[in-house]
Structure formats: structure tokens, C-alpha cells
Amino acid sequence: MSRHRGAIGWGALAAACVFLLVAPFLFRPYGVFILATWAVMTIAAIGLNLTLGYAGQISLAQAAFVGIGSYITAYLTTRGWPFWPTYVLGGVSCFAVGWLLGYPALRVQHHYLAFVTLAFNTVIYLVFRNEEWLTGGIYGITNVPRPSVLGFSVAKPIPFYYFCLAHLALVSAATWWLLRSPWGRAFIALRENPIRALSLGVDTRRYTLIAFALGAGLGGISGTLYAPLVQFIDPTPFALGLSLNLLLMVVVGGSGYFFGPFLGAVVAVLLPEWTRFAQNYYLMGYAVLVMLLMVFCPSGLFGFADRLLSASTTRSPAEDGTPAQEAAR
Amino acid sequence: MTRLKFALGAAAALLLAGAAAGAEVKFAYVGEISGSLAVSGGNFRDGVILAVEEINAKGGILKQKIALTQYDTQTNPGVARAQMQKALDGEPYAVFGPIFSGNVKVTMQMMQQAEVPHFIGGEAAELVTLGDPYLFRTSFGQQIGMPKIANYIRDELKAKTLALIWVNNDFGKGGRDKLMKELAARNIKVVADVSTESGQVDFAADVVKLKAANADVVFVYSNEEECARIMREARKQGLKGPFVGDTTLLSQKTIELAGDAANGVQGHVGLSADAPIPAVADFKARFQKRFNYIPDHNGLKGYSGVYAVKYVTEKLGKFDRKALAKMMHGLTITPKEEPGILIETSWDNTGEIDRISFLAEVINGQQKITKTLPKLGK
Amino acid sequence: MSAVLSVRGLKKSFGGIVAVDDVSFDVHPGEILGIIGPNGSGKSTLFNCVLGQLSPSGGSVELDGREVTGMRPCDLNRLGVSRTFQLLQVFPELSVRENLILAGQEHRGNMLSRLFGRRDAGLGAEADRMIELFRLGHLAHQKAAGLSYGQQKLLDAAMAFMAGPRLVLLDEPAGGVNPTMLVSLRERLKALNTEQRATFVVIEHNMEFVMALCTRIVVLAEGRIIAEGEPEAVRNDPNVVRAYLGH
Amino acid sequence: MLADILQLFVAGLATGAIYALVAIGFTLLWQTSQTINFAQGEFVMLPAFFVLIAMGFFKLPFWAAVLAGGAVSVLLLGYLFKKLMVDPMIRHGVLPLVIATIGLAILMKESVREFYGADAWPFPPLAAATNVTVFGVSFAVQSLVVLVISIAAVAALQLFLNGTRTGRCMQATAQNPTVARLLGIPVERMILYTFLINAALVVLASILITPIYLAKFTNGELLGLYAFIAAIIGGFNQIRGAIAGGLLLGVVDNFTAVYISSQYRMAVPLVFLIVIILFRPQGLLGRVEERTV
């Protein structure tokens with residue numbers, strides 16, 4: 001039965017991969033751009049899922065990290081830096097800032113923590129807007145160049161899409177591997193019962209900081225891709241709205257489920273596009289769909305799928321990591 | 001209510017348009033329908049809609065009906081880029097919007113590559129300096145408006161010091177930076193420089209600052225409802241004017257919202273639905289009838305933009321984007337030639353626009369034009 | 001012989017209420033010390049103070065003659081002190097095996113080796129041994145959530161032994177466990193005590209269980225030690241009888 | 001100078017009083033049902049439009065319109081909100097509900113924008129837009145009215161909670177639903193009451209501020225955020241806290257803008273908040289919420 005369950009998981013995964021690989025030949029440039037956006041946002045959501053879904057630490061500052069990453073890349077590449085150093089710098093500096101922001105997480109809980117991070121996001125946004133000498137203020141930074149890989153430019157839409165997709169694959173693999181390491185185990189312990197974890201020698205303080213920092217780092221990575229994707233950076237996209245949107249991606253997808261963010265990002269990035277047939281009402285349609293989703297599958301889409309599958313099968317070994325089971329952990 | 005009817009109507013119209021395919025020319029509105037610039041964007045869009053409906057009612061352009069599609073940028077560059085791409089995938093003949101200068105910048109390159117003329121609402125100074133041969137303004141940039149204002153402050157008001165309150169978004173900041181330059185050039189000292197948030201409601205603190213500066217002139221540069229709130233608070237705290245502004249401060253909307261508090265404000269009106277021109281007044285009436293609210297200058301921008309395209313295309317006698325763009329450069333359209341243009345308008349070869357503008361003052365709840373400033377070209 | 005754990009004049013008060021009042025006792029290598037007392041006599045509070053879950057208001061705790069008062073639980077645990085909780089404390093979303101590995105992993109290597117090293121932190125074999133020892137074999141790969149209460153109790157106890165602790169503090173291990181399961185649990189503990197030379201402190205209500213298991217007993221009442229000694233002696237101690245009847 | 005300070009202080013109090021009203025709602029919902037309502041700001045934005053519709057569309061006189069709009073709002077934002085959104089979701093923890101309320105906020109904003117219009121609309125004031133001048137400082141009668149009415153409302157609420165049986169039952173429910181249930185208190189009904197009270201509070205807030213804010217679909221955004229901040233500063237589990245938090249925030253915000261930085265106006269209260277939370281994790285007047293071991 002775990003077979004059948006695993007089969008479904010792997011089947012769906014394989015289908016998704018194939019789709020993503022051939023997508024550029026099915027869509028017009030607009031569709032390709034949207035898919036690239038999806039890939040970039042998914043990376044940020046995976047980061048948040050680490051912090052929230054696995055380590056159980058809520059953060060409303062993810063947009064700030066995407067922003068920091070974007071501005072680092074935008075600022076440096078427009079001043080002649082090659083892309084890759086800025087890519088590393090973006091990830092690393094966000095990791096560092098995330099680590100610092102993690103400290104409040106050690107003192108406060110739940111909505112207080114949500115709030116400290118929310119405040120941080122607002123402050124960062126104002127810095128982006130007000131410090132014109134650094135960020136270009138409300139004028140933003142124009143003509144962010146797209147990188148080239150081994151001398152091969154990925155400036156054109158389709159190559160750049162594959163560029164983003166490759167990064168998504170990379171990040172997913174790394175995260176998957178991380179979550180199967182003792183760290184992943186410790187994160188889950190942290191989420192489910194910090195006090196017991198502490199009594200088993202799990203240094204919850206350190207793991208909390210790590211969870212925050214890793215989440216932030218991935219936010220930064222996604223930012224360093226967002227800048228060359230849009231090629232123009234100004235403060236507006238990095239306001240609180242995006243943080244809430246990323247939270248939405250994680251929860252709607254199924255927080256704590258490895259593939260949750262992927263589906264969540266589909267909902268947040270693609271759904272509004274699909275509802276556009278409703279003309280002026282598309283945002284309302286989107287809002288209603290989100291509300292219905294939450295009412296009918298509060299544990300997110302993967303939680304829902306997981307329940308359906310468990311209903312059709314008995315509890316099954318959680319060793320070999322099929323998506324469905326990974327989800328279950 | 002009527003908005004609901006309109007919305008349904010629009011939807012229906014769309015279906016019909018789909019059904020009665022045949023010879024059509026595609027126009028696209030890509031701009032802010034939701035997000036922080038929804039008001040300006042909505043006005044601009046409704047202006048475009050009004051013009052398109054009128055033209056279609058009269059049989060379209062070169063016997064082809066206009067099929068208008070709307071794309072909402074949510075006032076977010078990322079989305080704007082995606083939506084503009086979507087619009088371009090539909091190969092429109094001309095694009096109208098965005099209004100948010102950031103969104104104009106993020107889409108400019110694509111437009112250049114696609115060689116599609118676009119009529120923007122953005123007023124940020126640098127937009128026309130980025131060398132996009134397909135970009136055309138629908139109202140002039142702040143670098144044209146502000147010198148006129150600076151002159152007015154120096155010559156008419158004889159002010160030595162000025163207190164400045166502005167809204168911290170691309171519109172307010174852009175104008176503020178321009179004005180600062182112009183004032184400096186005329187050595188008028190800015191003794192207070194107060195930044196406010198768009199959507200801000202409590203201006204007590206900001207007015208206290210303005211008061212403390214006690215300058216010869218108070219310059220108010222924000223969107224209509226914020227202008228109104230600022231004026232109310234200013235009167236409440238007994239802040240002495242004179243209050244000077246540009247377009248928004250003197251718009252009918254601001255007056256309506258501010259009530260008596262708006263009386264006595266004066267300044268420059270670039271493009272205004274309140275301009276003392278019969279054609280404009282007539283447009284305002286039609287617009288209000290159609291959409292049940294008073295248009296601001298963005299309504300005029302969208303409207304006249306569409307008519308400019310109509311005029312040039314009919315002059316060319318064919319739908320040719322390149323030719324359209326080429327002809328627009330250095331072109332002047334008078335209301336005699338094309339009534340829909342409302343006010344005589346010229347474009348230079350950067351896509352910058354030139355129109356007459358006005359000096360006005362609010363006298364017991366009415367905007368009174370005190371002086372008409374000629375086009376710079378003349 | 002020197003004490004593994006020695007508690008000296010430990011105090012803990014919440015606001016006005018004094019929960020633990022000047023408690024001192026030693027735990028000797030290899031013994032199974034029982035701590036009993038009526039509800040609210042401060043047993044669990046005492047535990048939490050010893051284990052750094054709560055910071056004591058006074059007194060000191062020494063592990064092998066080393067001061068560890070108020071040390072963080074995770075550090076104390078790494079020094080070889082492990083515990084179970086009164087309420088069930090397993091990780092429902094992890095499998096039985098994963099629970100056990102988690103219980104041991106932080107004692108192996110450092111953060112880096114835990115990240116880049118083996119997925120099971122080299123504890124697979126040890127975990128399977130524990131699973132055998134506690135007769136959980138058939139459940140090894142089930143989520144802990146799917147276990148019965150008794151089974152979870154066993155897992156809970158097993159987790160406490162994963163890291164081969166010097167000292168194990170069990171908070172009501174028998175609570176809510178059915179008689180048969182109770183016997184097997186007692187056997188496990190005795191076995192571990194002899195095999196691993198592990199030292200135990202057991203808080204328990206269930207007199208039979210304590211009497212059968214423990215080599216020495218400390219009796220708490222209103223946060224003070226009122227009796228201490230061999231099970232038989234304590235059983236007949238008048239103070240103890242009074243304390244329990246008076247309760 | 002002194003006049004300015006007084007001016008700022010009173011203006012701050014008036015704005016703060018509104019934050020307080022809305023923050024109390026936050027607190028009540030959190031206490032009784034662990035609901036965090038991210039649409040609270042929009043809850044304040046909407047009733048004004050109901051009133052405008054009642055006046056413009058059904059041609060009702062202002063006060064009748066207020067009553068009608070108020071009734072509709074309480075039904076919609078109190079009863080239906082609980083029945084249709086909170087009840088199905090609350091079992092599943094805080095987050096799904098937070099997301100759903102974010103969706104709700106978007107829905108309300110977009111609906112108003114689409115069906116009523118994107119610009120700001122004037123709203124009939126409760127008091128003439130005149131000023132009274134007290135030693136050199138002029139205060140808008142409106143803001144004074146706002147201040148007085150909100151204080152009265154809060155006082156009434158406190159009286160209800162402490163003075164009446166129902167009120168005490170509600171407090172018991174708030175402190176510990178399980179125990180309350182054991183005591184035979186009809187917890188469900190009490191929770192419903194808190195939702196109705198919350199709705200009533202936002203209606204009141206809406207009527208009080210819209211003449212000053214002007215009716216606009218975006219009114220909720222900042223307001224909701226500030227009310228949330230106020231609730232947090234106040235400890236999130238204390239009505240007194242929410243009030244203190246609201247007033248404090250209003251005043252700090254005003255003084256910040258004048259004496260620190262108008263460009264970072266939004267940030268300063270937040271930083272201030274972080275500091276409070278770091279040194280008093282339970283908030284300004286909050287009780288510590290014990291976490292069970």
C-alpha cells in the first residue's frame with residue numbers, strides 16, 4: 001500500500017518535472033515569465049517553510065530578505081560586478097541578518113514573534129525607500145543585467161527561465177538533503193515539542209537561530225534571482241504584502257510539507273493570472289478561492305492530499321522518502 | 001451601484017466584441033487598477049474606455065472597431081512586466097499606461113524591442129530622457145511643470161522662503177526633487193521639507209512642523225484626498241498661507257473634500273478637468289455621466305491619448321506602429337483637427353508633451369483660472 | 001562511594017508559595033532511588049529544578065561533584081543526565097526509530113558532522129537495539145502518533161536510554177500504564193540498571209511499582225523530605241503513613 | 001512650543017483612541033477564540049460604505065442610515081464572520097485563519113473599489129468641523145468628539161464586562177474556556193457575543209473616523225496594522241493593555257513625526273515596539289501566558 005501511495009507521489013512529481021521542462025515550448029513569453037516568477041518565489045517560500053513549517057518559528061520578514069538579496073545583486077551588477085559573487089553575497093548576508101533576527105525568536109513566541117519580524121520588514125522597506133544614495137529610493141535601480149553562465153548569456157526569456165528552474169532544482173535538492181539529516185530531525189522536534197527536545201540535548205536555541213538564518217538565506221537567494229528577472233528594482237514589491245503572500249504560499253501549500261511551497265506558489269503566483277478572465281473581479285475571485293481553500297483544507301493542499309491518501313491506504317513506513325510520505329513528516 | 005452596472009456592461013461588451021470579431025484594431029490598457037495608485041490608474045483607464053467607446057460608436061478608426069483589453073499591474077513592477085508581456089503577446093497596435101513611473105521604467109525596454117507605441121501617464125522627469133522612441137507622454141513631466149511654478153512663486157508671490165510638504169511616492173518625491181532644484185536656481189530657501197505617507201490621515205504633526213518653519217509660502221504636493229486633509233489640518237491650526245500647489249491641490253476633488261479649507265489656495269494647473277475650455281467641460285460631463293464620478297487630470301490623459309492615436313492613424317491611412325511613432329514626434333494636434341484632443345497638444349522628438357497650462361486660485365469653492373500660461377514652444 | 005548526583009538545600013518558591021523547601025539528598029551509582037509523596041508535595045518541581053527546566057531559588061545541584069545548578073537542560077543532558085516527563089513527551093510526527101535516533105543524535109559529533117555526516121548519525125544500530133529491548137520491533141517505522149498509550153510510554157522511556165546516560169530521572173513512568181505493560185516496563189528498567197549500570201531516580205505514585213523497583217526511597221511532603229531509607233523502613237514510617245492518610 | 005506639544009498630544013490621543021477601539025476587538029477575539037483577524041482594518045473601512053449606500057441608494061436620513069449600516073455590519077462582520085469563517089477553521093490552529101482573513105481583507109477592499117469607486121468620498125460628520133481654542137491651542141471639535149465617544153464606549157464595555165453576569169461569564173471564557181465550560185458557562189454563546197461586540201466596536205470606529213479619514217477602500221490597511229501593533233504592545237490579552245497601547249501609539253507616532261523623522265515615521269513606533277517586546281515579552285500590561293510542560 002505504501003507502494004501505491006509512493007507511486008502516486010513519484011508519478012505526480014515526474015509529471016510536474018516533465019511539464020516544467022517542456023513548458024517554454026507550450027507558452028508565449030508571458031507564460032514563461034510567469035513560470036520563472038513562480039520558480040523564484042518558490043525558493044523564497046521553501047525558505048519560509050524551513051523556518052515556519054519545520055522549525056515552527058513564524059516569520060513575516062521573508063519579503064525583507066528577498067528585498068535585501070535583490071538590492072545587493074541590483075546594486076552591484078549595475079556597477080559592473082559579475083552575477084555570481086553577488087549571488088553568494090546575497091545569500092550569505094541574508095543568512096547573517098536572519099541569524100540576528102533569530103535572537104528575538106529566542107525570547108518571544110507566536111504572535112509576538114510574528115510581530116517583531118513584521119516590524120523588521122517595515123523598517124527594511126523604509127530603508128529601501130528613504131536611503132536614496134544606496135537604493136535609488138523610489139526611483140529604484142533600472143536595467144539590472146541578466147547573468148551569463150560559463151560565458152553563455154541567459155538574457156533571453158527561455159534561457160533565463162531554465163536558469164531560474166535550475167536554481168529551484170538546486171535549492172530543493174539541498175533542502176531535501178538537509179531535512180533528512182539530523183538537523184531536519186531536530187527542526188521537527190523543535191516544532192513539535194521544544195521542551196522535550198531540550199531535555200534530549202537538542203540545543204533548541206542554536207537550532208532556532210539556524211532555522212531562521214537558513215530561511216532568510218533562501219529568501220536572499222530568491223532575491224538575487226528576482227532582480228535580474230524583473231530587471232528593475234524599487235521598494236514597492238518588498239513591502240509587508242509580499243511577506244504575507246509568502247506566508248500564504250506556505251500555509252496554502254501545506255506548511256511542514258516538503259512540496260507545500262511549490263503548490264502554494266502556484267496558487268499565489270498563477271491563480272491570479274487564471275482568474276483574470278473575470279476581468280475587474282479577478283482579485284476578488286482570487287481572494288474567495290483562497291478563503292475556500294483554507295475552509296476546506298486548513299492543513300493546506302498537501303495536508304489534504306495526504307489525508308485522502310492515508311484514507312485510501314493504511315499508515316505506512318515513513319522511511320523511503322516519497323513525496324507523500326515526506327509530506328507526512 | 002452604477003459601477004456595478006458598468007462592470008457588467010463592460011463584461012457584456014467584451015463578449016459581444018468577441019462574438020462580432022471581424023476587422024478590429026487592438027488597444028491595450030496596462031496600468032494600475034489595484035494597489036496604491038488605483039485611483040489615478042482607474043481615472044486614466046476610464047478616460048481610455050470613454051474615448052474607445054465614443055470612437056467605436058462613430059465606426060472606429062479606418063472602419064475598424066477598437067478592441068480594448070485591460071491589464072492590472074497592481075502598482076507592482078514585477079506584475080507590470082508580466083502584464084505588459086501578456087499585452088504584447090496579443091500584439092496590440094498601441095498601449096496606454098502605466099501611470100506609475102516605476103512600472104513605465106520596468107516595461108520600457110520591452111516596448112522598445114516590440115516597437116509598440118505606448119502613451120504613458122507617468123510624469124517622472126527622466127522617463128523621456130531614456131531614449132525610447134515609442135514612448136509618448138499624455139501630460140507633461142514634472143520638469144516642465146515645476147519651473148512654471150517656481151517662476152510663479154518668485155514673480156507673483158515674491159517669496160524668499162518656502163515650506164514644502166509632499167507625499168513620499170514616485171509622484172510626490174519626483175516633483176519635490178524637481179521643485180527643490182528650481183527653487184535653488186532662483187535662490188528661494190526651503191525652510192521645511194516634510195515627507196508624508198500616501199494614505200496618511202493625521203497631519204497634525206506635519207502641520208506643526210510647517211508652522212514652526214513660518215515660511216513666506218507653503219507648497220502642498222500630494223494626491224487629492226491627502227491635499228484635502230492637509231488643508232483642513234492647516235486651517236485648524238491656523239497656519240498662515242499662502243498655500244501653493246500644482247494641479248492636485250486645486251482639483252475639484254480636493255475642493256469637494258476639503259470644503260472651505262480649500263478656499264484661497266492658488267497655484268499651477270497643468271492639465272485639469274476644470275480647465276476653462278468648453279471642450280474639456282463637455283468631456284467632464286460625459287465622463288461623469290458614464291462613470292458616475294468626477295475625473296481628475298488622469299481621465300483627460302487617457303482620453304486625449306486615444307484620440308491622438310486615432311488622429312495620426314487616420315492621417316497615415318494605415319495601421320503602422322513605426323510610422324505612427326515617427327509621425328508623433330514633433331507633431332502638434334489642434335482641437336480643430338481632432339476635437340478629441342480637447343486642448344492643442346504637441347510632442348517633441350523625445351515624446352515629451354507640451355500644452356498650455358493655467359494659474360488658478362480657489363475662490364469660495366470654485367477653481368478660478370487667473371492666467372493662462374502659453375506652451376513653452378511658443 | 002561518591003554520589004552521582006547530590007542535591008543540597010534546594011529551594012523553589014513561586015511568588016509566595018514554597019514548592020520545594022531546603023531539600024537535600026544524594027544519588028549513588030547503580031542505585032534506583034524512588035521519590036514519592038502525595039500530590040502537590042513538590043516532586044515534579046524538584047525534578048524540574050534539578051534538571052534546569054526551572055531555575056531554583058536556592059541551593060545547589062552537583063553532578064559527579066561538579067556544580068550544575070541552573071545549567072540548561074540540553075547541556076545537562078549532554079553530561080549524561082536524561083529524563084522522562086510526567087505527561088507523554090514523544091514526537092508524534094516522527095517514526096519510533098526516528099524518535100530514538102533524535103534522542104541520541106545530539107550526543108554524537110558536532111553540528112557540522114550532524115549536517116554532513118550519516119543521516120542516522122550512526123545511531124541506527126543502537127536504535128534497533130533499543131527497539132528490541134523494549135519490544136517495539138513491529139512498530140519501528142510507524143509514526144509515534146499511531147502508537148497506543150502504553151507503547152508510547154515505552155518509547156518515552158527508551159528514548160531516555162538512547163545516549164547511554166549515567167543518570168536517568170523518570171517522572172511517573174507507570175502513570176496510566178496497564179498492569180501487564182507495567183511488569184514489562186519494570187523488567188526493562190531493572191535490566192538496564194544491571195546491564196548498563198545506569199542509575200535511576202523515579203518519581204511515582206504507584207506504591208507497588210516503587211516498592212518492587214527501588215533500592216532506596218525519599219518521601220516528600222509539602223516540599224520537605226519527611227523520610228528516607230529502604231522500601232520496608234519507609235513503608236512503616238509513621239510520618240509517611242500520616243502524610244498519606246492526612247492527605 | 002508648549003502649545004505645539006499640547007496640540008500633538010491631543011491629536012495623538014484622538015487617533016490613538018481609534019486604534020484602541022479597534023485593538024480591543026483584536027484582543028477580545030484572541031482571548032475568547034484565538035482568532036487573529038487580519039481583516040480588522042477592512043472591518044472598520046466597510047461600515048462607512050454601508051451607511052453611504054443606505055443614504056445614497058435607499059435615500060435614508062443620516063441617523064437611520066447609520067443604524068441600518070450598523071445592523072448590516074454587525075450581522076456580516078460579527079455573526080456571519082464567526083459562523084462562516086472562524087467556526088470551520090478554528091480547530092486547525094491560528095495560521096489557516098490568518099490566511100483566510102488576509103483573503104477576506106483583499107475581497108472587501110476590491111469589492112468596495114469595484115462597486116463603489118476608488119476615490120475618497122466625504123462622509124457626514126458627527127460634529128461641525130469647527131475648532132475650539134483653549135489657551136492658544138485650537139482643537140477640532142471632531143477629534144474631541146472622537147476622543148469622548150471612544151472613552152465612553154470603552155467605559156461602557158468595561159462596565160458590561162465587570163458589572164453584568166454575562167460580562168463576567170465572557171471574561172471567564174476569555175481567561176480559560178475549558179474551566180468556563182466546566183463551570184457551566186455557555187462558552188459558545190459567550191464567544192459569539194465577543195464577535196458581536198467586536199463588530200459593534202468597528203462600526204463605532206468607522207462612524208467616528210470616516211468623517212476625518214474620508215471613506216476610501218484603502219482606509220483599512222494602515223488602521224488594521226496600527227490596531228494590531230496597539231494590541232501587541234498592550235499584551236494582546238488585556239483590554240486595558242489594548243487601550244494603553246492604542247493611545248501610546250497615537251501619541252508616539254505624532255511626536256516621532258515632528259521630533260525624530262517623518263520619513264521613518266512608520267518605523268519608529270515599531271522599533272519602540274520591538275524594544276518593549278524584547279524586555280517585556282508579555283507586553284505592556286499583558287499577563288504571561290504559561291506554556292504547559
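Does C:V234, with its C-beta neighbours inside 10 Å, count as buried or exposed? C:V234 has 22 such neighbours, so it counts as buried. The cut-offs here are simple: a residue is buried if 20 or more other C-beta atoms lie within 10 Å of its own, exposed if 12 or fewer, and partly exposed in between, with C-beta atoms placed from the backbone. C:V234 sits in helix α9 (residues 231–236) of chain C. Helices (H or I, at least four residues) and strands (E, at least two) are DSSP runs, numbered from the N terminus. Leaving aside neighbours within four places in sequence, C:V234 is in contact with C:I217, C:V219, C:A227, C:G229 and C:V240. Two residues are in contact if their C-beta atoms, placed from the backbone, lie within 7 Å. As for C:R216, 18 residues away along the chain, its C-alpha atom is 8.9 Å from that of C:V234.

Everything in this passage comes from a predicted model, where local features need pLDDT of at least 70, side-chain atom pairs count only at pLDDT 80 or more, and totals for chains, interfaces and linings use all residues. Residues are numbered from 1 along each chain as its sequence is written, while chains are lettered from A and ligands numbered from 1 in the order in which they are written.

So much for the ground rules; next come the confidence values. pLDDT is the predictor's confidence in each residue, from 0 to 100. Chain A has a mean pLDDT of 88, with 92% of its residues at 70 or more. Confidence in chain B is lowest in helix α1 (residues 2–19), at a mean of 47, and highest in strand β3 (residues 94–96), at 96. Over residues 1–21 of chain B the pLDDT is below 50, and this stretch has 14 contacts beyond near neighbours in sequence. Where pLDDT is low, the predicted coordinates should not be read in detail.

How do the chains meet? Of the five pairs of chains in contact, A and D share the most contacts. No contact joins chains B and C, whose closest C-alpha atoms are 36 Å apart. Between chains A and D, 31 residues of chain A touch 30 residues of chain D. On the chain A side, the elements giving two or more residues are α4 (83–107), α5 (110–130), α11 (240–253) and α13 (282–296). The biggest giver is α5(A), with nine residues. This side of chain A divides into 24 nonpolar, six polar and one charged. Ala, Val, Leu, Ile, Met, Phe, Trp, Tyr, Cys and Pro count as nonpolar, Asp, Glu, Lys and Arg as charged, and the others, Gly among them, as polar.The largest nonpolar core has 419 residues, and those with the most contacts inside it are A:C164, D:A20, D:V22, D:I99 and D:A230. A nonpolar core is a set of buried Ala, Val, Leu, Ile, Met, Phe, Trp, Tyr and Cys residues joined through C-beta atoms within 7 Å. Helix α2 (residues 29–54) of chain A gives this core its largest share, 18 residues. Leaving aside neighbours within four places in sequence, D:V22 is in contact with D:Q40, D:V44, D:V202, D:A205, D:L223 and D:A227.

Chain B comes to twelve helices and 15 strands. Its radius of gyration is 20 Å, close to the 21 Å that the globule rule gives for 378 residues, so chain B is as compact as a globular protein of that length. The radius is taken over C-alpha atoms, and the rule is 2.2 Å times the number of residues to the power 0.38. Of the 378 residues of chain B, 60% count as buried. A cis peptide bond joins B:G97 and B:P98, with omega about -5°, and B:P98 is found in the loop between β3 and α4 (101–114) of chain B. B:L342 has a phi near 70°, a positive value in a residue other than glycine. With 24 C-beta neighbours inside 10 Å, B:L342 counts as buried.
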